[in-house]
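Visitor: Please show me the structure, and let us examine on what grounds its features are named.

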Amino acid sequence: MTTTTFPGSPATEGRGVYVIAAHPHWRDSRVNRRMLAAARAVPGIDVNDLYGSYPDYAIDVEAEQARLARASLVVLLHPIQWYSMPALQKLWLDDVLAYGWAYGPGGTALQGKDLWLAATTGSPESSYHPQSYHRYFFDAFLPPYEQTAALCGMRFLPPLIFHGARSAPEAEVEAHIETFTQRLGSYPDWPEMDEIDACVACPVPESDRPAEPDDMAKLASTAFQAAMTHGLSVASSSANGKAA
Ligand SMILES: Cc1cc2nc3c(=O)[nH]c(=O)nc-3n(C[C@H](O)[C@H](O)[C@H](O)COP(=O)(O)O)c2cc1C
């Protein structure tokens, strides 16, 4: 599957919804595939199938940042894999949410936008329980998503999780896709929107930024030059001293 972009129609312009869909094996998908198709059918929605767009994992960071800049709502659509997101979705976060752009000093590009997770699990909801094999309620796996949003100044909307995606009755799958589509089409006019708190501010001080390898090389080179200059001047003054 490839990227599909629907330019905003007058009716939807300004809503700016960007759906980022990630599934490593679309052909095997029962639910996400239909959610992707449903999103593509909503007018004015920008939809990106990450595995279709970047089969070589070479993410076009500039293009992705431009798409994010146009969006008010960013939707992450994927199956839960190992209590987290598929690898390419994670790489997308690593590459696109850059320091100084998405967070940290000057990193304000995403501030005030909304992040919405629409994910599926293979296991039923009952298995996400202290007395069952996943040992935790499903919410326990959400903080990395929620805090990623917060660090970027985004509001984390209540996620839409569909459990037991491989085994759920067809009627439940259909109802879920209907809810997803309705939400995409009606954003930001969701009933609960006014009750969702604004994002807490999480400024990252410049002093906490680990130096980049480039910065380290520059520092080393500057230190080397200073040492050389200092060495040369000591040598030259002691040579002058001897001569005097
Ligand atoms: C590598 C891998 C890891 C998975 N990890 C989990 C997991 O941690 N929890 C879970 O409930 N399901 C897990 N699953 C099952 C998927 O979440 C499930 O197959 C998917 O949500 C079904 O959606 P689909 O029909 O669109 O593929 C995993 C599947 C794969 C392939």
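Visitor: What makes residues of the shell around the ligand nonpolar, polar or charged?
Guide: The shell divides into 6 nonpolar, 7 polar and 4 charged residues. Ala, Val, Leu, Ile, Met, Phe, Trp, Tyr, Cys and Pro count as nonpolar, Asp, Glu, Lys and Arg as charged, and the others, Gly among them, as polar. In this predicted model, local features need pLDDT of at least 70, side-chain atom pairs count only at pLDDT 80 or more, and totals for chains, interfaces and linings use all residues. Residues are numbered from 1 along each chain as its sequence is written.

Visitor: Which residues are the closest to the ligand?
Guide: Of the 17 residues that surround the ligand, the closest are Arg-30, Asn-32, Pro-79, Thr-121 and Gly-122. A residue is near a molecule if its C-beta atom, placed from the backbone, lies within 6 Å of it.

Visitor: How is confidence in the chain expressed?
Guide: By pLDDT, the predictor's confidence in each residue, from 0 to 100. The chain has a mean of 88, and 80% of its residues reach 70 or more, whereas pLDDT stays under 50 over residues 1–14.

Visitor: Why are the buried residues of α4 said to be on the same side?
Guide: Gln-89, Trp-92 and Val-96 are buried in α4, a term that requires 20 or more other C-beta atoms within 10 Å of a residue's own. They cover an arc of only 50° around the axis, and therefore lie on the same side of α4; the arc is that of the directions from the helix axis to the C-beta atoms. Their cover includes β2, α2, α3 (61–70) and β4.

Terms used. Contact = placed C-beta atoms within 7 Å. Buried ≥ 20, exposed ≤ 12 C-beta atoms within 10 Å, placed from the backbone. Helix = DSSP H or I, 4+ residues; strand = E, 2+ residues; numbered from the N terminus.
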